[in-house]
Amino acid sequence: MKRRNFILSGLALGCLPAVSSAAAQEATELTPPHVVQMAAPYPPAGEVHVIPETFRLYLTLPEGRAIVYPVRIGKDDLYEPGTYFVGAKKEWPSWTPTPGMIEREPEKYAKYEESGMPGGPGNPLGARALYLFTEERGDTFLRIHGTDDPNTIGRAVSNGCAGLINEHMIDLYARVPMNSRVVLHPHMQGTTISGNNG
């Protein structure tokens with residue numbers, strides 16, 4: 001099992017592992033979920049943290065540990081940093097494109113505007129989805145969801161959602177209860193990572 005000690009940076013959104021370009025390159029590999037040990041101060045256990053530089057999602061555990069998963073994120077300004085909570089969970093969810101998606105790429109999404117797409121293999125939301133809400137907005141239409149396209153992991157290619165391969169998403173889904181806090185961290189510049197594989 002890989003273990004790595006992270007230097008943590010404190011932000012208004014909470015503590016997160018700092019990263020390097022080497023870590024970001026490693027994130028493009030479909031490494032299985034594994035446990036890492038973080039340096040104090042620890043984020044509270046039971047939270048989800050998405051770090052855009054490394055394309056990693058961390059599910060925090062007690063005693064400063066976390067399970068880390070490789071992810072894809074939203075492209076360009078569609079990545080929306082902030083603090084959310086899990087307002088709904090669905091297995092093999094149905095999918096309907098948002099108005100913004102239809103406006104940006106009507107040739108790709110307009111045909112699903114009325115009836116959407118039922119859940120199942122080939123659905124853009126994959127095998128499982130966590131729906132991100134805020135108190136002010138309710139459903140933000142941002143999701144953490146599965147995908148059957150592993151080539152997108154480690155890239156900023158989505159319409160704003162974080163995506164994991166279906167196998168990893170099924171594992172994460174089972175571990176994250178309703179109302180869990182989710183932090184999509186902002187992009188950082190000039191950060192570093194330290195620690196050793198063990």
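## Tryptophan 92 and the model

Tryptophan 92 is partly exposed, with a relative accessible area of 38%; buried means under 20% relative accessible area, exposed over 50%, and partly exposed in between, for a 1.4 Å probe and protein chains only. Tryptophan 92 is found in the loop between β9 and α2. Its phi is positive, about 45 degrees, although tryptophan 92 is not a glycine. Helices (H or I, at least four residues) and strands (E, at least two) are DSSP runs, numbered from the N terminus.

This is a predicted model, in which local features need pLDDT of at least 70 and side-chain atom pairs count only at pLDDT 80 or more, while totals for chains, interfaces and linings use all residues. Residues are numbered from 1 along each chain as its sequence is written, and side-chain values use heavy atoms, with hydrogens and water left out.

## Confidence along the chain

The average pLDDT of the chain (the predictor's confidence in each residue, from 0 to 100) is 82. A score of at least 70 is reached by 80% of the residues.

## The nonpolar cores

The largest nonpolar core has 26 residues. Such a core is a set of buried Ala, Val, Leu, Ile, Met, Phe, Trp, Tyr and Cys residues joined through side-chain atoms within 4.5 Å. Which members touch the most others in the largest core? They are Leu57, Leu130, Ile144, Leu164, Leu172, Val182 and Leu184. Helix α4 (residues 166-175) gives the most to this core, with 3 residues.

Leucine 172 touches Leu57, Leu59, Tyr69, Leu130, Ile144 and Leu164, leaving aside residues up to four places away in sequence.

## Strand β11 and its partners

Strand β11 (residues 138-147) is mostly covered, with 7 of its 10 residues buried. On one side of the pairing record is strand β10 (residues 128-134), which runs antiparallel to β11 and is joined to it by 6 bridges. Two strands pair if DSSP finds at least two bridges between them. Tyrosine 131 stands opposite arginine 143 in β11, and a hairpin of 3 residues joins β10 to β11.

β11 also pairs with strand β13 (residues 162-165), here in the parallel sense, over 4 bridges. Threonine 147 has isoleucine 165 in β13 as its bridge partner.

## The largest pocket

The largest pocket has a volume of about 840 Å³. On a 1 Å grid over the protein atoms alone, a pocket is an open set of points where a 1.4 Å probe fits, with protein on both sides within 12 Å along at least five of seven lines; lining residues have an atom within 4 Å of a point. Grid points are joined across faces, edges and corners, and the volume is the space filled by probe spheres set on the points.

Which of the 38 lining residues are the closest to the pocket's centre? They are Trp95, Met101, Pro124, Asn159 and Cys161. β11 supplies the largest share of the lining, 6 residues. At least two lining residues come from each of α2 (99-104), α3 (106-109), β11 and β12 (156-158).

Why is strand β4 (residues 34-38) described as largely enclosed by the rest of the structure? The reason is that 4 of its 5 residues are buried. β4 and strand β7 (residues 65-70) pair in the antiparallel sense over 4 bridges, and glutamine 37 stands opposite arginine 65 in β7.

Proline 41 is in the loop between β4 and β5 (48-51). A cis peptide bond, with omega about 0 degrees, joins alanine 40 to proline 41.

Isoleucine 170 lies in helix α4 and is partly exposed, with a relative accessible area of 37%. Isoleucine 170 touches Ala127 and Arg128, not counting residues up to four places away in sequence. The C-alpha atoms of isoleucine 170 and glycine 146 are separated by 7.7 Å, and the two residues are 24 residues apart along the chain.

Is aspartate 76 buried or exposed? Aspartate 76 is exposed, with a relative accessible area of 69%. It lies in the loop between β8 (73-74) and β9 (82-91). Aspartate 76 has a positive phi of about 50 degrees, although it is not a glycine.

How values were computed
Contact = heavy atoms within 4.5 Å.
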